[in-house]
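Opening the notebook on this one.

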Amino acid sequence: MNEMRISKHFIERFNQRYIKNDFHWKIPELRNYMKKVFKDRQLRYLENKKDLEKPHYVHFGNHHYLVVRNNTFVTIYNRK
């Protein structure tokens, strides 16, 4: 998880879709927050799949999922 990059677009969408507030995150704070939400198996999955070129969707909390590609958190979506 510490090796994963977090894009500015991801932070904007995280605030918009997950936090529902315009919070000014510092990257280490956001990373620590996300570690608390992720389950152990999800963190292991990220470590194993971090260098894939195709986007991967990882469940985040009960109502969202993240898009991860090339070792980067790209965006977050609401589950339908």
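Terms first: I count two strands as paired if DSSP finds at least two bridges between them. Helices (H or I, at least four residues) and strands (E, at least two) are DSSP runs, numbered from the N terminus.

Ground rules: this is a predicted model, where local features need pLDDT of at least 70, side-chain atom pairs count only at pLDDT 80 or more, and totals for chains, interfaces and linings use all residues. Residues are numbered from 1 along each chain as its sequence is written, and side-chain values use heavy atoms, with hydrogens and water left out.

I looked up the strand order and got 1-4-3-2, an open sheet of 4 strands with mixed pairing. Strand 1 (5-6) and strand 2 (56-60) are at the edges with a single partner strand each, so one side of each has no neighbour in the sheet.

Strand 2 pairs with strand 3 (residues 64-69) in the antiparallel sense, over 5 bridges. I checked two positions: Val58 has Leu66 in strand 3 as its bridge partner, and Phe60 stands opposite His64. There are 3 residues between the strands of this hairpin, and Gly61 takes a positive phi near 70°.

**Helix 3.** Which strands does helix 3 (residues 40-49) lie across? I find strand 2, strand 3 and strand 4, with the helix running at about 160° to strand 2. (Axes are lines fitted to C-alpha atoms, for helices over the stretch in contact, and angles run from 0 to 180 degrees between N-to-C directions; contact means heavy atoms within 4.5 Å.)

Next I checked burial (buried is under 20% relative accessible area, exposed over 50%, partly exposed in between, with a 1.4 Å probe and protein chains only). Gln42, Leu43 and Leu46 of helix 3 are buried. They cover an arc of only 100° around the axis, which puts them on the same side of helix 3; the arc is taken from the directions from the helix axis to the C-beta atoms. Asp40, Arg41, Arg44 and Asn48 are exposed on the other side. The cover over the buried residues includes helix 2 (27-37) and strand 2, strand 3 and strand 4.

**Core.** A nonpolar core here is a set of buried Ala, Val, Leu, Ile, Met, Phe, Trp, Tyr and Cys residues joined through side-chain atoms within 4.5 Å. The largest has 18 residues, and Leu46 and Phe73 are among those touching the most other members. Helix 1 gives the most to this core, 3 residues. Leaving out residues up to four places away in sequence, I see Leu46 touching Met1, Met4, Phe38, Val58, Val68 and Phe73.
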